[in-house]
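Colleague: Could we go through this model together? I would like to start with the strands and then turn to the charged side chains.
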Amino acid sequence: MRTVSATASAVTAVLAAGAASVVVGRLASDAALKAPAGRPLPTEPRLTVHGTAAGRITLTRDLATLRPGVYGLAGDGSHAVVGPVLEGGPHAADTVVRRLERVTHGTLTAGDAAWLTPNLYVGNPRTALGLDHTDVDVPGELGALPAWFVPGDRDTWVIAVHGLGTTREHALNLMGFLHARRLPVLALAYRGDPGAPRPPDRLNHLGETEWRDVEAAIRYAVRHGARRVVLLGWSTGATMALRAAEHSQVRDRVAGLVLDSPVLSWQATLRALVRARHTPEPLLPLAVRAAQGRAGLQADGLAEPAGPDRLQVPTLLVHGPGDEVAPWEHSRRLARRRPGLVTLHTVPNAPHAAMWNADPEEYEERLRRFLTPLL
């Protein structure tokens, strides 16, 4: 009886441990599978506003606040734009002073919590940039997908697809540049976004299923006068663009890809997001397995360099080693294997999906050179 009792206790303990592992894995995988649109990723530090003055803002000193470039600064009910670090002037050793370009809405006062974001603009193309646009519905697999359409004279359209932690407002950073080159732009909200249908399981699939919404956007563009399209994506939006160019039945309409901080390994990205939540290292494999089971993610094929039968259009990769979410090494490997087709522009000291923010003029010049022969 003692042996039976001991065996039963051991089995119970094993089952309890297994159940606990499943729960832990599910909770940890939420860092990527339930990342809300428009909220900072866990890799982005929470900052404190220490004070503002004319054209200046003082923030917590952090590697993030020392980055070069221009960024949005979002808080609860506020949004501002901050420029370069300002040298000189009195400030505490644990703070950084940056140029305060403008306050879009709300107020910023000492003690407020905030975080840096790639989004310089909020609103829509008309309210943010003064550009005429139309609100359109793209017929998608799960229902109508809201999108902004900014018209242009050319018959090559740009379809812009945001990624993790952002919304279609991210595309506003480049909308003025693209409009100045007479390119029609379709900025898409896809499944799970505000105003768009929610996936049945309420999870992000890191591009695995969402790419079908990009395919729907290509079909919409072709029906409304596009001869060809360029897919411009950030983060998992870049993954979606790459998958659409590979799998879509209308991939022959894709003239080129612009992939900013592409997630080429969902496992590496999930590990990074889970690790940023201070999850113990031994639990990371549980999170990966849980994510794969919950979201039906396939083997990490995008991490491998695309072969001739997979990547067939000119591609501009914009990425850098400072990306803590999507490893730059995968982009570098892809560019090395496909030198005639893929161009890699490396951006140092830029966080995930913010390559433009680090140096807007250089980014737009690279983009101009890439787009010109495709038009």
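Predicted model: local features only at pLDDT ≥ 70, side-chain atom pairs only at ≥ 80, totals over all residues.

Colleague: How many residues of strand β4 are buried?

Modeller: In β4 (residues 78-85), 6 of the 8 residues are buried. Strands are DSSP runs of E with at least two residues, and helices are runs of H or I with at least four, numbered from the N terminus. Buried means under 20% relative accessible area, exposed over 50%, and partly exposed in between (1.4 Å probe, protein chains only).

Colleague: Which residue in β4 is the bridge partner of glycine 75?

Modeller: That partner is serine 78. Strands β3 (residues 71-75) and β4 run antiparallel, joined by 5 bridges; two strands pair if DSSP finds at least two bridges between them.

Colleague: Changing topic, how many salt bridges are there?

Modeller: The count is 15, a salt bridge being a side-chain nitrogen of Lys or Arg within 4 Å of a carboxyl oxygen of Asp or Glu. One of them joins arginine 67 to glutamate 44, at 3.0 Å from N to O.

Colleague: Are arginine 67 and glutamate 44 buried or exposed?

Modeller: Both arginine 67 and glutamate 44 are buried.

Colleague: And where is the closest N and O approach of arginine 191 and glutamate 141?

Modeller: Those atoms lie 2.8 Å apart in a salt bridge. Arginine 191 is in the loop between β10 and α4, and glutamate 141 in the loop between β7 (134-140) and β8 (143-150), 50 residues apart.

Conventions. Residues numbered from 1 in each chain as written. Heavy atoms only, no water.
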